[in-house]
Amino acid sequence: MSTSIHNVVVQLRGVCKAFNLGTSIETQVLHDINLTLHQGEFCAVMGPSGSGKSTLLNIVGLLDRPTRGNLQVCGEETTTLDDHALTRLRGHNIGFVFQYHYLITAFTALENVMIPMLGAAGFPNTAMRKRAEELIASVGLTAWQNNMAGNMSGGQQQRVAVARALAMNPALLLADEPTGNLDTKSADGVFDLLRRFNREHDTTVLFVTHNAELAKRCDKTIQVIDGQITDD
């Protein structure tokens with residue numbers, strides 16, 4: 001795997017995050033984070049609860065802004081972008097898989113996978129449906145593609161969530177405890193899916209987990225303790 005500067009997907013330099021800034025209850029959550037992720041890397045993030053892992057993921061995913069420091073995503077400096085530009089960059093380059101699947105339970109599995117594409121195009125079309133069908137097939141759920149998401153098992157729902165996260169063929173996939181609510185077999189299945197897409201499409205993956213066995217199967221692991229990266 002190349003680590004050329006041209007293949008840098010995420011770069012944080014001196015990133016800090018504080019909440020309730022300027023008040024008596026100001027809380028510093030992240031402290032001078034430096035992190036570089038290259039194309040095709042699969043990186044686990046570990047640390048105790050409350051250490052700042054999810055805050056770090058939210059900043060990398062452009063869901064929140066750093067208080068200080070610089071963040072580049074897919075070669076673009078993000079700290080000066082307005083909300084519209086951040087939304088566009090996020091929608092076209094970043095996929096998300098959370099601990100809870102956040103599917104629309106009244107929609108079918110196929111319709112849920114189409115949602116990111118609908119957001120980008122504004123209306124459904126044949127190519128969109130074909131892409132969704134391919135992704136549903138890739139996660140082994142063709143037989144369930146027309147089932148309502150609310151009538152599927154937890155493992156199936158999370159596989160649909162993975163397919164949805166990949167709908168826009170993102171350069172970066174962020175996974176926040178995606179196996180935390182699953183039994184061991186389902187968790188292994190979801191992890192294997194993420195790993196397969198990482199290898200087949202050279203997708204960069206940042207994977208927050210408390211599962212040390214899954215972390216061992218990643219390319220590298222960073223430890224976040226008290227808002228600082230202590231090991232990389």
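**Close-up 1. C74 is a partly exposed cysteine in this predicted model.** Its relative accessibility is 31%. The closest cysteine sulfur to that of C74 belongs to C43, 16 Å away, too far for a bond. C43 is buried, with a relative accessible area of 0%. The sulfur of C43 has its closest cysteine sulfur in C218, at 7.5 Å, which is also too far for a bond. A disulfide needs two sulfur atoms within 2.5 Å. The structure holds 0 disulfides.

**Close-up 2. F42 and F207 form a tilted aromatic pair, one of 6 aromatic pairs in the structure.** The ring centres are 6.0 Å apart, with 50° between the planes. F42 lies in strand β3 (residues 42-46) and F207 in strand β8 (residues 204-208), so the pair ties together parts 165 residues apart in sequence. F42 is buried, at 0% relative accessibility. F207 is buried too, with a relative accessible area of 0%.

**Close-up 3. F98 and Y102 form an edge-to-face aromatic pair.** Their centres are 5.7 Å apart, and the planes make an angle of 85°. F98 is partly exposed, at 28% relative accessibility. Y102 is exposed, at 53%.

**Close-up 4. T179 is a buried loop residue.** Its loop runs between β7 (172-176) and α6 (184-201). Relative accessibility is 7% for T179. Leaving out residues up to four places away in sequence, T179 touches A187, V190, F191 and L214.

**Close-up 5. Two charged ends sit over aromatic rings.** The charged end of K17 sits over the ring of F19, 5.1 Å from its centre. That of R196 sits over the ring of F197, 5.1 Å from its centre.

Note on methods. Residues are numbered from 1 along each chain as its sequence is written. This is a predicted model: local features need pLDDT of at least 70, side-chain atom pairs count only at pLDDT 80 or more; totals for chains, interfaces and linings use all residues. Side-chain values use heavy atoms; hydrogens and water are left out. Buried means under 20% relative accessible area, exposed over 50%, partly exposed in between (1.4 Å probe, protein chains only). Helices (H or I, at least four residues) and strands (E, at least two) are DSSP runs, numbered from the N terminus. Contact means heavy atoms within 4.5 Å. Rings of Phe, Tyr and Trp (its six-membered ring) pair if their centres lie within 6.5 Å; planes under 30 degrees apart count as stacked, over 60 as edge-to-face and the rest as tilted. A charge sits over a ring if NZ of Lys or CZ of Arg is within 6 Å of the ring centre and within 35 degrees of the ring normal.
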